[in-house]
Amino acid sequence: MNIWVDADACPVVIKEILFRAAQRTEIQLTLVANQTLRIPQSPFIKFLRVSSGFDVADNEIVNRIDAGDLVVTADIPLAAEVVEKGGYALSPRGELYTDDNIRDRLNMRDFMDTLRGSGIETGGPAALSKGDRNEFANKLDQLLTKYSGAS
């Protein structure tokens, strides 16, 4: 298992949780972004800079992942592609996207996009709460425990 992060919009506190998890589990963590990010020096943490452009980071992640890899992203279309390839997709709020729920998430995203396109103000997502951070850390730990138990 490798962990990939759609890092341009990933909250700093989530990256910090991931850095600690990579060190603790010795699982490769790669952050993918179109701008330079500071990462701790570690043989388990890498940064991959991609060119700017629509979905460039997403496409790079999809091209590089293998079945069983984990991708951390809030991007629903990226999560759908990860699930389709047999990977795990986890949101920074701790929601695990699966075959059972990804279609509903895509439909809701498209619906909200249509509303915004017609001029309706839908607002953005709420700020990441302490509960969200805890949910993310717990779900990440469950996935990494499941992975390490299977090896």
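Predicted model: local features only at pLDDT ≥ 70, side-chain atom pairs only at ≥ 80, totals over all residues.
# A first walk through the model

Glu 26 sits in the loop that links α1 to β2. Numbering starts from 1 along each chain as its sequence is written, and side-chain values rest on heavy atoms, with hydrogens and water left out.

For background, most residues other than glycine have a negative phi. Asp 55 belongs to the loop between β3 and α2, and Glu 95 to the loop between β5 and β6.

How open are they? Here buried means under 20% relative accessible area, exposed means over 50%, and partly exposed is what falls in between (1.4 Å probe, protein chains only).

| Residue | Relative accessible area | Class |
|---|---|---|
| Glu 26 | 54% | exposed |
| Asp 55 | 30% | partly exposed |
| Glu 95 | 25% | partly exposed |

Contact means heavy atoms within 4.5 Å, and, not counting residues up to four places away in sequence, Glu 95 touches Ala 89, Leu 90, Asn 101 and Arg 105. Between Glu 95 and Val 72 there are 9.9 Å in space, C-alpha to C-alpha, and 23 residues in sequence.

The loop between α1 and β2 also holds Gln 28. With neighbours within four places in sequence set aside, Gln 28 is in contact with Asn 2, Ile 3, Pro 43, Phe 44, Ile 45 and Lys 46.

## The sheet

Now for the strands, where two count as paired if DSSP finds at least two bridges between them. Six of them make an open sheet with mixed pairing, in the order β3-β2-β1-β4-β5-β6. Because β3 (45-49) and β6 (96-97) are at the edges with a single partner strand each, one side of each has no neighbour in the sheet.

β1 and β2 run parallel and are joined by four bridges. Ile 3 faces Leu 29 in β2, while Asp 6 stands opposite Val 32 in β2. Which way do the residues of β1 point? Ile 3 and Val 5 go one way, Trp 4 and Asp 6 the other, and all are buried.

## Helices around the sheet

For angles, axes are lines fitted to C-alpha atoms (for helices, over the stretch in contact), and values run from 0 to 180 degrees between N-to-C directions. α1 lies across β1, β2, β3 and β4, at about 150 degrees to β2. α3 packs on the sheet too, touching β1, β4, β5 (88-90) and β6, and its direction makes about 155 degrees with that of β5.

Within α3, the residues Ile 76, Leu 78, Ala 79, Ala 80, Val 82 and Val 83 are buried. After α3 comes Gly 86, with a positive phi near 90 degrees.

In α2 (residues 56-64), the buried ones are Ala 57, Asp 58, Ile 61 and Val 62. These are on the same side of α2, because they span an arc of only 135 degrees around the axis, judged from the directions from the helix axis to the C-beta atoms. Their cover includes β1, β2, β4 and α3 (76-84).

## The cores

A nonpolar core is a set of buried Ala, Val, Leu, Ile, Met, Phe, Trp, Tyr and Cys residues joined through side-chain atoms within 4.5 Å. The largest one has 24 residues, and those with the most contacts inside it are Ile 3, Val 5, Leu 18, Leu 29, Leu 31, Phe 136 and Leu 140. At least two residues each come from β1 (3-6), α1 (12-25), β2 (29-33), β4 (70-72) and α5 (130-150). α1 gives the largest share, six residues. Apart from this core lies another, of 19 residues, including Trp 4, Ile 76, Ala 79 and Ala 80.
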